[in-house]
Amino acid sequence: MIKTDVVVVGAGPVGLFVVHQLGIIGLKAEVIDNLDKIGGQCIELYPDKPIYDIPAIPECTGESLTKSLLEQIKPFKPNFHLNERVQEVSKEKNDWKVVTSKKKLFIAPNIIIAGGVGSFEPRKFLIKDAEKFENKSIFYSVKNKNDFKNKKICIFGGGDSALDWAIELSKFAEVTLVHRRNEFRGAEHSAAVVKKLNEEGKLKIKTPYQINSIEGGKKIDAIKIKNEDGKIETIKTDFILGFFGLIMKLGPIAEWGLNLEKKTIPVNTENFQTNKKGIFAIGDICTYPGKLKLILSGFHEGALAARACFKIARPNETYRFEYTTTSKSMQERLGVKKSD
Ligand SMILES: Cc1cc2nc3c(=O)[nH]c(=O)nc-3n(C[C@H](O)[C@H](O)[C@H](O)COP(=O)(O)OP(=O)(O)OC[C@H]3O[C@@H](n4cnc5c(N)ncnc54)[C@H](O)[C@@H]3O)c2cc1C
């Protein structure tokens with residue numbers, strides 16, 4: 001069980017900056033995200049694209065903004081719990097109890113939901129039995145490539161992830177790349193490498209094919225794939241990897257008893273609290289009259305929500321407004337070296 005001042009749901013840009021705002025006023029945060037990486041939409045959807053409207057940064061990319069935000073919160077040493085979806089939120093005396101998909105338990109007086117458009121989840125195989133084999137023989141991401149050493153693997157998809165993993169895993173596994181079209185969507189260079197490996201007999205390409213059925217007991221033994229003419233082929237395989245892109249789902253947030261408005265959470269603009277005391281919503285997930293779904297708006301919302309969290313987490317202390325420029329305590333928390 002992890003006790004903290006604030007549980008932050010979502011490690012997008014807004015979730016990251018609120019860690020800073022909490023940190024400078026002396027509050028500890030634990031950050032949970034369903035993705036395997038930090039950065040939310042900035043990293044998942046547009047890491048290389050330029051952003052021109054972050055205050056005082058004329059131009060940055062999704063990736064460089066995430067790196068800078070991480071650098072800025074380094075002094076507060078936040079713990080990140082990645083690959084974990086926040087499932088349940090319930091009241092526990094004066095605190096909130098938060099349980100993740102990995103059954104990790106957090107107790108905190110405050111929760112800040114910075115969940116963007118909901119959790120990013122992989123598009124999955126829709127055929128019978130796919131769920132039964134999930135996380136045993138079917139995976140939608142690679143956590144440890146060594147798990148696939150000397151195994152037979154069928155990789156599905158035509159985008160960058162499918163191509164990159166086909167190239168990487170073909171170095172030490174028997175890979176078949178299956179795609180429903182003849183053309184690959186991923187980078188031209190990667191598609192060319194995959195085709196060359198196919199010609200050299202180092203991996204097999206099967207296009208235009210789709211999965212038709214799975215055979216096996218506890219583990220997968222083989223799969224059947226089908227092309228547009230109805231031709232069916234059987235491939236013996238140990239594992240299936242599916243890379244069909246991500247979908248965004250509001251997911252369990254909808255079940256926490258919060259008021260919702262078109263998949264967003266209404267908040268007041270005084271402190272961005274929801275209809276539940278101690279649960280705040282900031283960034284793309286919140287709504288109020290005039291809301292702009294911009295990163296800079298999320299930063300402001302986080303600054304106010306953090307101060308409201310202080311009042312709940314430290315009911316016997318008085319919150320004092322201070323500037324980082326002149327506040328000794330804030331500078332100490334930031335680890336700023338004093339000049340002589
Ligand atoms: C192509 C594109 C270009 C953009 N360009 C700009 C721009 O130029 N300027 C600008 O200001 N904005 C831009 N935006 C919008 C900007 O990216 C969003 O406003 C911003 O990412 C919102 O940040 P956030 O932290 O609120 O949410 P997100 O970035 O969406 O992050 C939310 C995180 O919460 C996680 N999450 C959700 N639910 C759960 C759960 N139950 N458990 C665990 N984790 C959960 C998600 O996995 C996700 O990582 C752009 C967006 C796109 C798609």
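The sections below take up these topics in turn.

## Basis of the model

The model is predicted, so that local features need pLDDT of at least 70 and side-chain atom pairs count only at pLDDT 80 or more, while totals for chains, interfaces and linings use all residues. Residues are numbered from 1 along each chain as its sequence is written, and side-chain values use heavy atoms, with hydrogens and water left out.

## Ligand site

The ligand sits in the second largest pocket, where a pocket is an open set of points on a 1 Å grid over the protein atoms alone, with protein on both sides within 12 Å along at least five of seven lines, and a molecule sits in one if more than half of its atoms lie within 2 Å of its grid points. The elements that give two or more residues to the shell around the ligand are α1 (13-24), α2 (40-44) and β11 (119-122), with α1 giving the most, 3 residues; helices (H or I, at least four residues) and strands (E, at least two) are DSSP runs numbered from the N terminus.

There are 32 residues around the ligand, of which D33, Q41, Y46, V86 and D284 come nearest, a residue being near if one of its heavy atoms lies within 4 Å. By class, the shell has 15 nonpolar, 11 polar and 6 charged residues, with Ala, Val, Leu, Ile, Met, Phe, Trp, Tyr, Cys and Pro counted as nonpolar, Asp, Glu, Lys and Arg as charged, and the others, Gly among them, as polar.

## Backbone contacts and cover

A backbone N or O atom of P13 lies 3.5 Å from an oxygen atom of the ligand. The protein covers 87% of the 1,000 Å² of accessible area that the ligand has on its own, by the Shrake-Rupley method with a 1.4 Å probe.

## Aromatic pairs

The structure holds 10 aromatic pairs, meaning rings of Phe, Tyr and Trp (its six-membered ring) with centres within 6.5 Å, stacked if the planes are under 30 degrees apart, edge-to-face if over 60 and tilted otherwise. The rings of F139 and F239 have centres 6.1 Å apart and planes at 50 degrees, so this pair is tilted. Because F139 lies in strand β12 (residues 138-139) and F239 in strand β19 (residues 239-242), the pair ties together parts 100 residues apart in sequence.

## Backbone geometry

A cis peptide bond, with omega about -15 degrees, joins T207 and P208. K93, although not a glycine, has a positive phi of about 50 degrees, and lies in the loop between β7 (86-92) and β8 (95-100).

Terms used. Polar contact = N/O pair within 3.5 Å; in protein donor to acceptor, adjacent residues only side chain to side chain. 1 Å grid on protein atoms, 1.4 Å probe; cavity = no way out; pocket = protein on both sides within 12 Å on 5 of 7 lines; lining within 4 Å.
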